[in-house]
Amino acid sequence: MPGTCVIGLQWGDEAKGKLVDILTGEHDVVVRYAGGANAGHTVVSGGQTWKLSLIPSGILRDGVQCVVTGGVVLDPASAIREIEMLESRGVTVNGKLQLSDRAHVVFPWHIVEDRLLDGSLSGGGAIGTTGRGIGPCYRDKVGRSLAIRLGDLYRDDLRSRIEHVAAFKNRLLASWPRPGEAAAGPLDPVAIHEQYRAYAERLRPFVADTTAYLLSAVEVGHKVLFEGAQGALLDVDHGTFPYVTSSNSSGLGVAAGSGVPGRWVDRVIGVVKAYSTRVGGGPLPTEQDNAIGMHLRERGHEYGTVTMRPRRCGWFDAVAARYTSRLSGVDELAVMLLDVLGGLDELAICSAYEIDGRRTTQFPSQITDLEKAVPVYETLPGWEEDLSVVRRHADLPAAARDYLTAIGDLLARPVVIVSVGPDREQTILCDRSTSRRLPWRPSQPSPAAGG
Ligand code: IMP
């Protein structure tokens, strides 16, 4: 079976980029199947640092096809910026990148809507989006009437379609000022048409029916790596709604986003940071708004790749990560940024929540319950040693090995990869037998409310 999938099990930024880069060496095709320019992947390769948003990091390797599928919302300006950045640094992109003609296109009105609407959640509050127009573009995709896909940029009626949508959006945006802010100025459809025609010409060599390509690729036995964007807790259907992104960022999104049925994926690697982070609004039950949180932020360089916002930091949440590892069908775990925990006397892992005085290991479906969740912690001793130089599981301090065992046990999956620094070399491959893997006892399904 040819498919491997890498899924972030937290709120994004689990350092999936590094793992994907390592695994790319064993694959022929790397696929990005959801999200858009809201994601930020940092890869350190050959002593150079690369920051990519839309284009899979597989582009840095020879002989690998990179595919951006129809489940992605594509901002052509971002795609062109990345292509030109790569080319200017000597990376060949032509012949190695395919962009789906089914991908929905981000237009300037989406970016304006994103800014105007964030902060207007029903019930108050803000999602704290990345401001890249992701939610509004997905809304138009599902709404259909105002949607324009990458393939549409080559149609003769593009200008009249842009005029139709811009007229509608201008009426909408004029009536939609944010409190204390002037209404957005009108969008000029003629200028937008010219700009998007130019983008279309620049992107023409890359545009393809990627669904047809991928179906053939798996059928002839090519090895395909599906890279998740964001994390499973930001999944629009199964995450911490409404504080989520607008796509299926868990493992459940692979098939719909790429067009490749799940039966072709036989290895799902769940990626977690050794602690928790979140950027934007919404509950983070294990948040440490104190010296511990500062330690994690500074040692882990926890600032957003896309927006540079400081990330909120806290202890590892095994309730949340166990939920998302089950949701994504995870077989094995990669634990990233373990070195960041060095220097803390004592470490804590959240193994249960107390909600309204009741203890549970089930991740709540309602945000109001998650907001009330009080973490129940297991405490473990910390370590002083610098892990960034360690390359073998056996050379880790006993406290670090115990910490990994606790994560594997609580998630009931083996830890097979540990990262102790940003470089490819700073990676420990673990024997499955180093994970104790306690049997996981399923909880009884709860009856429907009122049933
Ligand atoms: P959007 O995807 O820009 O609509 O943002 C929705 C929520 O997802 C916000 O809380 C963002 O901070 C968060 N988010 C989106 N992309 C990422 C990511 O790549 N890493 C971490 N958080 C993200």
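These entries go through a helix, a pocket and some backbone angles.

**Ground rules.** I am working with a predicted model, in which local features need pLDDT of at least 70 and side-chain atom pairs count only at pLDDT 80 or more, while totals for chains, interfaces and linings use all residues. Residues are numbered from 1 along each chain as its sequence is written, and side-chain values use heavy atoms, with hydrogens and water left out.

**Helix α9.** I began with α9, residues 291-299. Helices here are DSSP runs of H or I with at least four residues, strands are runs of E with at least two, and both are numbered from the N terminus. Which residues of α9 are buried? I found G293, H295, L296 and R297; buried means under 20% relative accessible area, exposed over 50%, and partly exposed in between, using a 1.4 Å probe and protein chains only. The buried residues of α9 pack against β13 (312-314), where contact means heavy atoms within 4.5 Å.

**Both ends of α9.** At the N-terminal end I noted N290 as the cap, with a side-chain oxygen 3.0 Å from the backbone nitrogen of I292. After the helix comes H301, in the loop between α9 and β13. H301 has a positive phi near 50° and is not a glycine. Is H301 buried or exposed? H301 counts as exposed because its relative accessibility is 60%.

**Another positive phi.** I noted R144 too, a non-glycine residue with a positive phi of about 70°. R144 lies in the loop between α4 (134-143) and α5 (158-174). With 64% relative accessibility, R144 counts as exposed.

**A cis bond.** The peptide bond from F241 to P242 is cis, with omega near 10°. I located P242 in the loop between β10 (224-227) and α8 (253-258). A reminder to myself: most residues other than glycine have a negative phi, and most peptide bonds are trans.

**The second largest pocket.** I looked up its volume, about 620 Å³. The lining of the second largest pocket has 22 residues, and T360, Q362, F363, P364 and S365 lie nearest the centre. α10 (318-327) and β17 (358-360) are the elements that give two or more residues to this lining. Which element gives the largest share of the lining? That is α10, with five residues. By residue type, I noted six nonpolar, nine polar and seven charged in the lining of the second largest pocket.

Technical notes
A polar contact is a pair of N or O atoms within 3.5 Å; within protein, one must be able to donate a hydrogen and the other to accept it, and residues adjacent in sequence count only if both atoms are side-chain atoms. On a 1 Å grid over the protein atoms alone, a cavity is a set of points where a 1.4 Å probe fits but cannot get out, and a pocket is an open set with protein on both sides within 12 Å along at least five of seven lines; lining residues have an atom within 4 Å of a point. Grid points are joined across faces, edges and corners, and a volume is the space filled by probe spheres set on the points. Ala, Val, Leu, Ile, Met, Phe, Trp, Tyr, Cys and Pro count as nonpolar, Asp, Glu, Lys and Arg as charged, and the others, Gly among them, as polar.
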